[in-house]
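Hi everyone, thanks for coming.

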Amino acid sequence: MTGNFATRVPWIQDHVGVGAGLLGLALVFPALGASLAMPLAGTVSHRFGGRAALRGLLSLWCLALVLPSLAPNLVVLCAALFVYGAAAGMPDVAMNAIGVETESRLGRSIMSSLHGMWSVGVLVGSGVGTLAAHLGVDARLHHVLAALVLTGLGLIACQGVLDVRAEPEEDPPPRFALPPKSALLIGGVAFCAVFAEGASLDWSAVYLRDVLDSSAGLAAASTTGFAFTMAVARLVGDRVVDRFGAVRTVRASGLLAAVGGLLVVAAPHPAVAMTGFAFLGLGVAVVVPLAFAAAGRSGPNTSQAIAGVATVTYTSGLVAPSLIGGIAHATSLAVSFGVVTALTVGFAAGAGVMRTGTRPVAGGGEPAVPAAASESA
C-alpha cells in the first residue's frame with residue numbers, strides 16, 4: 001500500500017495542479033487522519049475480535065487507496081488523504097496488537113521481523129508503482145487494480161492470524177483516552193528513532209547533493225542504502241533481541257545510529273556520508289517494533305497502549321521532515337543532522353523503558369524473550 005501510493009504522488013500533484021508547498025500541506029493530512037483514528041481500533045477489535053477487525057480495517061485501507069488519485073482539486077485531495085490516513089492508522093494498531101499477543105504466546109521475539117516485512121512491502125510496492133509510472137499508466141487505474149489485488153491478498157492472509165478476543169467480563173476500551181504513562185515513555189523513545197528515520201529518508205539525498213555536491217544518482221543511492229539496511233536489520237533483529245534483550249539492543253542501536261549521525265555531520269566525502277546513513281538505518285530499524293512490543297506489555301489494554309505509541313511515532317514522522325528543513329534554513333543541513341544525532345543518543349539513554357512488562361530472570365538482567373502469555377491466552 002505505502003509503496004504503491006508514494007510512487008504516484010508526482011502524478012497526483014500534476015493531476016491536482018499544485019506546487020511543492022501546497023502538496024507538502026496536503027501530505028500532512030494522512031498523519032492527522034491516522035492520529036485521530038488510531039484510538040478507535042481498540043474499540044473495533046474489542047467488539048468484533050482481532051481477526052475480524054483486522055480483516056475489515058485492512059480491506060478499508062486497501063480500498064481507500066483509490067481516493068487520492070480521484071481528487072480533482074486541493075481541498076478534495078486533503079479530505080481524501082485524511083480518510084486514507086485514518087483508514088491506514090486503524091489496521092496498523094490492530095495488526096501490532098495481534099503481533100504482540102502472537103509474540104507472547106510464542107515466547108520469542110518476532111516484532112522486528114514483522115516490521116521488516118513492512119519494509120519489504122514498501123520495496124515491492126515501490127517497484128510496482130515505479131513500473132506503472134514508467135509505462136505511463138494512469139494512477140487512477142493503477143490504484144484501482146492495486147486496491148483490488150491487495151484487498152484479496154489481505155483477506156487471504158487474515159484467515160491465518162491469531163484471533164485475539166476480549167474476556168466476556170472485560171469492559172470495552174474508551175473510544176478516546178489518553179494512553180498510560182508507561183506507553184508515553186516508550187513513545188518518547190520511539191519518537192527519537194522515528195525522527196531520525198524520517199529525517200534520513202527525506203533528506204539524505206538532499207544532503208549528499210547540496211552539502212557534498214554529489215551526483216543525482218549517488219544522492220538517490222544514499223536513500224536506497226538507508227532503506228535497505230533498515231529492512232535487513234529488521235529481518236534479522238529478532239535474533240539479536242532474543243540473544244541480548246530489548247534494552248541492550250535498543251541501547252546498542254542508539255549508539256550505532258549516533259556513530260552514523262556523526263559520520264554524516266563530519267563527512268568530507270560522499271562515501272563517508274553514505275556509510276553514516278547506512279549506520280543510521282541499522283540503528284533505528286528495531287526501535288519502533290520493540291516499542292510496540294513493550295507498549296503491548298505495559299498494561300491491561302494492549303490496543304490503547306499501542307495506539308498511544310503509534311500516535312507519538314506518527315507525530316514524529318509528521319514533524320521531522322519540516323523541522324529538519326526549518327533548522328537547515330536557519331543554519332545548515334549539517335546542524336540539522338547534529339540534532340538527529342543528539343536524538344539517537346536520547347533513545348539510547350532511554351532504552352530502559354523497553355523493559356516494561358518483561359519478567360525477571362535469575363541473576364538479574366533482562367530476559368531474552370518476552371513475558372509469558374497472559375492469562376487470557
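Let me start with a term: a polar contact is a pair of N or O atoms within 3.5 Å; within protein, one must be able to donate a hydrogen and the other to accept it, and residues adjacent in sequence count only if both atoms are side-chain atoms. Ser 316 gives us an example, as its side chain reaches the backbone nitrogen of Phe 195 at 3.0 Å.

Some background. This is a predicted model, where local features need pLDDT of at least 70 and side-chain atom pairs count only at pLDDT 80 or more, while totals for chains, interfaces and linings use all residues. Residues are numbered from 1 along each chain as its sequence is written, and side-chain values use heavy atoms, leaving out hydrogens and water.

Back to our serine. You'll find Ser 316 in helix α16, residues 302-330; helices are DSSP runs (H or I, at least four residues), numbered from the N terminus. Is Ser 316 buried or exposed? Ser 316 counts as buried because its relative accessibility is 0%, and buried means under 20% relative accessible area, exposed over 50%, partly exposed in between (1.4 Å probe, protein chains only). Leaving aside residues up to four places away in sequence, Ser 316 touches Phe 191, Val 194 and Phe 195, where contact means heavy atoms within 4.5 Å.

Now look at helix α8, where Phe 82 lies. Phe 82 has 32% relative accessibility, so this residue counts as partly exposed.

Last stop, α9: its buried residues include His 115, Gly 125 and Ala 132. They pack against α1, α8, α10, α12 and α15. After α9 comes Gly 136, with a positive phi near 75°.

Definitions and conventions:
Helices (H or I, at least four residues) and strands (E, at least two) are DSSP runs, numbered from the N terminus.
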